Amino acid sequence: MKKTLFLNPPSYEGFDGGAGSRYQAKREIRSFWYPTWLAQVAALIPESKLIDAPARGVSLDEVAAQAKDFEMAILYVSAPTFKSDILVAERLKAENPNLMIGLCGAHVATLPEQSLAASDKVDFIARHEFDFTIKEIAEGKPFAEVDGITWRKDGEIVNNKDRALIHNMDELPMVAPVYHRDLVVEDYFIGYLQYPYMSFYTGRGCRSKCSFCLWPQTIGGHVYRTRSAAEVVAEVAYMHEKFPQVKEFMFDDDTFTDDTKRAEEIARGLGKLGVTWSCNAKPNVPYETLKVMKENGLRLLLVGFESGVQEILNNIKKGTRLDIIRRFAADCRKLGILIHGTFIVGLPGETKETIEQTIKFAKEINPHTMQVSLAAPYPGTLLYQQATENGWFKQGDLVRDDGLQIAALNYEHLTSEEISESLARFYKAFYFRPKKIFEIVLEMAQSWEMTKRRLREGVEFFHFLNHRMDQA
Ligand code: SF4
């Protein structure tokens, strides 16, 4: 088995773009997701090490100094950092010319030939779901026999046939031992989760087909493939024992609640462990399921509302209705389940008026916390295809030089500047209201830890707003 380095490469300071982040950008408030995708494949290769450089603050020099210790390096690449990720690969190869280098992630899965052609120092691209692809290469299988890779044969770029998706997810080992071996729990922070938290996947794929959403369209697919409830509960029990400092477990599956019966079964198991947990959900979960989850430790749901305008939800194939969203939000409030809501400005069909309607809707359903993103056309998504065909994505960049998201889309009736400017207005309209300020003060009054945390986030948030307003 090849000694393998799994690397979330160093890039912009504070950039959360790696193997576990859906929106690849530096955020308003310092935040990092766990590099779950890399940890999952690292768990298949005992002779491995995972370095999450952005979260740990590891520099390129420090990573390069370790290149000689390994026979293979696998870099998780994102669209906004592609150029810098290639420079990292080249630096590693310069330090160790014998190092085999592979790239993985949604971006290279979508553009494998272009990505391989970007540097002759890269030996292969592991497309789509890459766990067993990389394991076979680490075991020494010849490239010609490995499904799912793009590589060079006699100087020509060759695409081997696609690898079949994993259907029995219980074939994948736990990620927790890799977290324990290679990561520092305290490096990972998400504003709306209790600190320290821990996240991982219990299944892959999403039944929905939202046009902007990267993962299901590039790696996970549109069938929700899951690990058994018993395995999931066993992994949380292991984590709970190994990481007693963790205050909350987050299931980062695209839509954990897509299979309500399984969600309830897992919830009952977690209830017996007495842990606090959270998960991603679509705003359509039935009341009964919400109730079972709440009674068994669910604290918070991360919900993509995206827009408060039905026509825009239809344009992006969200598959939700505003009346169902309202009912869901009311059910959560009744049960005491907190919501972190996410919205997107600048989706197809957006106008100045629809932005105002979405702000109004966000205030009406009033999630506990919320986040606004700028529509981002990642290669591999339907949104990218629409944006390139219609000339909405002319400049071709997704983030600025410092890693902050830019408004990448530009419509005839709504400019990228207007979209960008609306971001700060959205945040201010939502948070600077007496009702919201009262909620935050009340939350701070309940614990000194929360007070310190919210004050720190507040400083970062004001810094971000000032920055945005200077740019607009
Ligand atoms: S429901 Fe969520 S995870 Fe699923 S496709 Fe839509 S945005 Fe993506």
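Helices (H or I, at least four residues) and strands (E, at least two) are DSSP runs, numbered from the N terminus. This is a predicted model, in which local features need pLDDT of at least 70 and side-chain atom pairs pLDDT 80 or more, while totals for chains, interfaces and linings use all residues. Residues are numbered from 1 along each chain as its sequence is written, and side-chain values use heavy atoms, leaving out hydrogens and water.

**View 1. An open sheet of 7 strands with mixed pairing.** The strand order is E4-E1-E5-E6-E7-E8-E9, where pairing takes at least two DSSP bridges between two strands. Strands E4 (48-52) and E9 (156-159) are at the edges with a single partner strand each, so one side of each has no neighbour in the sheet. From one strand to the next, the twist averages 20° (axes are lines fitted to C-alpha atoms, for helices over the stretch in contact; angles run from 0 to 180 degrees between N-to-C directions).

**View 2. Strand E1 beside E4.** Here E1 (residues 4-8) runs parallel to E4, joined by 5 bridges. Look for Thr4, whose bridge partner in E4 is Ser48.

**View 3. Helix H7 across the strands.** Residues 131-138 form H7, which lies across E1, E5, E6, E7 (124-126) and E8 (149-153) at about 165° to E5; contact means heavy atoms within 4.5 Å.

**View 4. The surroundings of the ligand.** Among the residues around the ligand are Cys206, Asp254, Lys282 and Lys318, each with a heavy atom within 4 Å of it. The shell holds 5 nonpolar, 2 polar and 3 charged residues, counting Ala, Val, Leu, Ile, Met, Phe, Trp, Tyr, Cys and Pro as nonpolar, Asp, Glu, Lys and Arg as charged, and the others, Gly among them, as polar.
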